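Subject: Structure for you to look at, with notes

Dear colleague,

I am passing on the structure below, and I would be grateful if you could look through it with the notes that follow.

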Amino acid sequence: MRLPPELLDAIQQETEKIDRRRLLHAATELTEHYQAADFSTPAIASSAHRAAYLAVRLPATYAATRRVFSEINLRSPGSEITSLLDLGSGPGTALWAAAEEFSSLQRATLIEADEHWLHMGKSLAEFTGASLPQAQWLRQDLRSGFSCERHDLVVISYTLGELPRSSAEETLRKAWKCAGRFLAVIEPGTRRGFATVLSARSLLLEHGAAILAPCPHVEACPMAAAGDWCHFSQRIERTSQHRQLKGGALGYEDEKFSYVIAAKEPAVVNGARIVRHPGKHSGHVQLALCTPEGRLENRTVTRSNKSAYKLARKAEWGDLWP
Ligand SMILES: C[S@@+](CC[C@H](N)C(=O)[O-])C[C@H]1O[C@@H](n2cnc3c(N)ncnc32)[C@H](O)[C@@H]1O
């Protein structure tokens, strides 16, 4: 996966406004902050941090968000998502991902507490003009409540875990009311991020939600019961600027993320979820599955089962196994 070229150009334009050494320093601070998962102090404290976020974090959150949105297209084809509400939008990452994933998207509302992010998000979106749907950028603090109309899809990406627990629950309840069809919660693929997603899943189930993905069931999470955490991985191409700022040599980055998509309509269960990298060996493939019965199961698919083996060779972590 790669960022849309217009977004890459817009990011380049924004980051060029910041002195290179300041940008490098801010990128290092930001990476350390997210690695420490310390949300007691704000990660973004300056224009250099915001520019660094665009260069080193946005590609990863974009990749995770787009991958999650692609599950809606896969699991509920023909959904025709026409409106998006993004809570804690930052620079509008989800808007770019949704515009790529849903050709039906006509309008978006983005809610964000930080006026600098709103300004930067608008500036990125206006850089190209035409390719994004009509967007309304609103300055509101999720902790003090927010007003929203119904939107087909509501997303809270990499934000819920930054809110105090009571505000997070209230935000979810409100988000669920505003969701016409789907609510997607996305967090880093860490134990902490997964715990946030798992709590969100429980609360949404209590409110009558169906689960579209990743769980093929509404039972208690078997990975949590096993002391594990459910997460996935999405590869995104790195730009040379990204490599320089993060000091890595690889041409790509793998973003680990946890997520849940709640749906208003019951979801059709058509397979188990592959919850680890498939082990692809000579003559057999090992799959770790979360099944529609809510159990973890290891399955070995051998060459003797021709059609299943062909499918298993192509299967990826996070796919559904029919
Ligand atoms: C890690 S960033 C994620 C941005 C974007 N969703 C993404 O995936 O790239 C978290 C965002 O949530 C916003 N945020 C945090 N607390 C908030 C609150 N109480 N109300 C509104 N926005 C908030 C921050 O300002 C920041 O833009």
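Domain 1 covers 5-263 and domain 2 covers 272-321, with bounds that come from an automatic or database domain assignment, and the C-alpha centres of the two lie 29 Å apart.

Before going further, please keep in mind that this is a predicted model, in which local features need pLDDT of at least 70 and side-chain atom pairs count only at pLDDT 80 or more, while totals for chains, interfaces and linings use all residues. Residues are numbered from 1 along each chain as its sequence is written.

As for the terms, helices (H or I, at least four residues) and strands (E, at least two) are DSSP runs numbered from the N terminus. In the classes, Ala, Val, Leu, Ile, Met, Phe, Trp, Tyr, Cys and Pro count as nonpolar, Asp, Glu, Lys and Arg as charged, and the others, Gly among them, as polar.

Turning to the ligand, 19 residues surround it, and the closest are Thr 61, Gly 88, Gly 90, Thr 93 and Ala 113; a residue counts as near if its C-beta atom, placed from the backbone, lies within 6 Å. Helix H3 (47-75) and helix H4 (93-101) each supply at least two residues of this shell, which by class has 7 nonpolar, 7 polar and 5 charged residues.

H3 and H4 also pack against each other, at an angle of about 40° and with their axes 9 Å apart, the axes being lines fitted to C-alpha atoms, for helices over the stretch in contact, with angles that run from 0 to 180 degrees between N-to-C directions. H3 and H4 are therefore oblique to each other, given that angles under 35 degrees count as roughly parallel, over 145 as roughly antiparallel, 65 to 115 as roughly perpendicular and the rest as oblique. H3 passes H4 in a right-handed crossing; a crossing is right-handed if the near helix is turned clockwise from the far one by less than a right angle, and left-handed if anticlockwise. The residues of H3 in this contact include Thr 61, and those of H4 include Thr 93.

H3 has a further partner in helix H1 (residues 5-15): the axes of H1 and H3 come within 9 Å and cross at roughly 150°, and the two are therefore roughly antiparallel to each other. Their crossing is left-handed, and in it Ile 11, Glu 14 and Thr 15 of H1 meet Ala 51, Leu 54 and Ala 55 of H3.

Elsewhere, helix H6 (residues 165-178) and helix H7 (residues 191-206) pack at an angle of about 50° with their axes 10 Å apart, which makes H6 oblique to H7. The residues of their contact divide into 5 nonpolar, no polar and 1 charged.

Finally, two backbone details deserve a look, since most residues other than glycine have a negative phi, and most peptide bonds are trans. A cis peptide bond, with omega about 0°, joins Ala 213 and Pro 214, and Pro 214 lies in the loop between strand E6 (210-213) and H8. Glu 80, in the loop between H3 and strand E1 (83-87), has a positive phi near 50°.

Notes. Two residues are in contact if their C-beta atoms, placed from the backbone, lie within 7 Å.
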